[in-house]
Amino acid sequence: MRTPNEINAEIDTAMSTQDVGALRRLAQEMQALGTPQAVADALNALVAVDRFTGDYPSALEHLRRALVLKEELGDRRG
């Protein structure tokens, strides 16, 4: 199993190239790690997928869920 940092590096690359398929796959991989931070990072990847595909209501819902997790973790980045 890869580390969250390794997956996040690949997420960053997929975001820069707007690779929706890779982002979906990476979000699933991140969610499988099961930690609150990993789930929040997965949700952020899904926000990008939703933005790239024009599904703004879904992007907003993923963003809200990620925000709740980030607040619980005390993570104020982004």
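Which residues are buried in α3? Here are some friendly notes to read alongside the structure.

1. **What you are looking at.** This is a predicted model, in which local features need pLDDT of at least 70 and side-chain atom pairs count only at pLDDT 80 or more, while totals for chains, interfaces and linings use all residues. Residues are numbered from 1 along each chain as its sequence is written, and side-chain values use heavy atoms, with hydrogens and water left out.

2. **The overall fold.** The protein chain has four helices and zero strands, giving the pattern α-α-α-α along the sequence. Here helices (H or I, at least four residues) and strands (E, at least two) are DSSP runs, numbered from the N terminus.

3. **Overall dimensions.** A compact globule of 78 residues would have a radius of gyration near 12 Å, and the protein chain agrees, with 12 Å. That radius is taken over C-alpha atoms, and the globule rule is 2.2 Å times the number of residues to the power 0.38. Along its principal axes, the C-alpha trace spans about 30 × 30 × 20 Å.

4. **Helix α3, and the opening question.** The buried residues in α3 are A38, A40, D41, A42, L43, A45, L46, V47, A48, V49 and D50. Buried means under 20% relative accessible area, exposed over 50%, and partly exposed in between (1.4 Å probe, protein chains only). For the protein chain as a whole, 33% of the 78 residues count as buried. The cover over the buried residues of α3 includes α1 (4–16), α2 (20–33) and α4 (56–73).

5. **The length of α3.** Just after α3, G54 takes a positive phi of about 80 degrees.

6. D41 is found in helix α3 and counts as buried because its relative accessible area is 12%. Leaving aside neighbours within four places in sequence, D41 is in contact (heavy atoms within 4.5 Å) with N8, M30 and K70. K70 lies in helix α4 and is also buried, at 9% relative accessibility.

7. **Around K70.** Not counting residues up to four places away in sequence, K70 touches Q37, A40, D41, N44, D75 and R77. K70 and Q37 are 33 residues apart along the chain, yet their C-alpha atoms are separated by 7.3 Å.
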